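Here are a few exercises to work through with the model open beside you. Try each task yourself before you read its solution.

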Amino acid sequence: MKDILAEIVAHKQVEVAARKQVRSIAELEQAPAFKRTPLSLSSFLKDPAKTGIIAEFKRRSPSKGLINGNVTVQEVTTAYTRYGASGLSVLTDEKYFGGSADDLQQARSFNNIPILRKDFMIDEYQIIEAKAIGADVILLIAECLSAAEVARLAQFANNLGLEVLMEVHGESQLEKATQHVQMVGVNNRDLTTFKVNFNRSCELAPKIPADKCKVAESGISDPAAIATLKQAGFQGFLIGEHFMRQENPARAFEQFVADVKAAEKVS
Ligand SMILES: O=C(O)c1ccccc1NCC(=O)[C@H](O)[C@H](O)COP(=O)(O)O
């Protein structure tokens, strides 16, 4: 496992153990959101009338430090929805990304499109939490989970009605995509150097099992790239920093969608 991922996962183990002492599973299951029927992100991504963009609310990151501390979840996520996002991604990790469960709960209260809980999931407790705060989808990072762990956690999520996006950084991790994984994401960011290699998505696309919805992740900032990625077979595009680093992420998102449409008309 890469250094930063190993550090985050080690911290996550401590953090989750502490949270289990504060809020029991029985309590989480009483949350109103736990009773709602989750939305299907893979269905939204497969709808050709939608943009395919999973727009991320991301305040900070290990690679960039502070990205944007001046905007609210409400203003940004409602604009993402209004201008055509197929889904939202909300970081709930506090220490490394400046997110919180409250951010996701707020996003849920203002938006009726699928929401990905973007966190480092290692334990069933976090999946129950995800449902209790209103998420529809969880992320499983293949780099930090064994095949057996991916299968166990993905099945657990599906049993709660949540979909699973499994993220890979290389070809060898693709074999972990079981029947309980609906979407496979290729992360273009190397977690050792933090360099983004956009070709990684295109190279791995043909190797992703055909029954999985394909998502390209990280480092996407050029609207023209969406057409290239669509040609490579991708239906989903996870984008955070490009919008969040602007003073007005809402306007940046609106402009990006307009530019994607213009680029598609030309090609
Ligand atoms: O973004 C990071 O620096 C990072 C570091 C270590 C682990 C994960 C990291 N990012 C999580 C993500 O997957 C991205 O937030 C997501 O793909 C959006 O990427 P971007 O459009 O480049 O913000």
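**Exercise 1.** In strand 10, which residue is the bridge partner of Ala55?

*Solution.* Before you start, note that this is a predicted model, where local features need pLDDT of at least 70, side-chain atom pairs count only at pLDDT 80 or more, and totals for chains, interfaces and linings use all residues. Residues are numbered from 1 along each chain as its sequence is written.

Step one: find the two strands, strand 1 (residues 53-57) and strand 10 (residues 236-239). Strands here are DSSP runs of E with at least two residues, helices are runs of H or I with at least four, and both are numbered from the N terminus.
Step two: check the pairing, which is parallel and has three bridges; two strands pair if DSSP finds at least two bridges between them.
Step three: look across from Ala55, and its partner in strand 10 turns out to be Ile239.
Step four: zoom out, and eight strands close into a barrel in the order 1-4-5-6-7-8-9-10, with parallel pairing. From one strand to the next, the twist averages 25°.

**Exercise 2.** Work out how strand 9 (residues 213-217) is covered.

*Solution.* Step one: count its buried residues, and you get five of five. A residue is buried if 20 or more other C-beta atoms, placed from the backbone, lie within 10 Å of its own; 12 or fewer makes it exposed, and in between it is partly exposed.
Step two: sort them by face. In a regular strand, side chains alternate between the two faces of the sheet. Cys213, Val215 and Glu217 sit on one side of strand 9, with Lys214 and Ala216 on the other.
Step three: find the neighbour. Strand 8 (residues 183-187) pairs with strand 9 in the parallel sense over five bridges, and Gly185 has Val215 as its bridge partner.

**Exercise 3.** Describe how helix 4 (residues 73-82) meets helix 11 (residues 249-266).

*Solution.* Step one: compare the axes, lines fitted to C-alpha atoms over the stretch in contact, with angles from 0 to 180 degrees between N-to-C directions. They come within 8 Å and cross at roughly 15°.
Step two: name the arrangement. Angles under 35 degrees count as roughly parallel, so helix 4 and helix 11 are roughly parallel to each other.
Step three: list the residues that meet. Glu75, Val76, Ala79 and Tyr80 of helix 4 face Pro249, Ala250, Phe253 and Glu254 of helix 11; contact means C-beta atoms, placed from the backbone, within 7 Å.

Conventions: Parallel < 35°, antiparallel > 145°, perpendicular 65-115°, else oblique. Contact = placed C-beta atoms within 7 Å.
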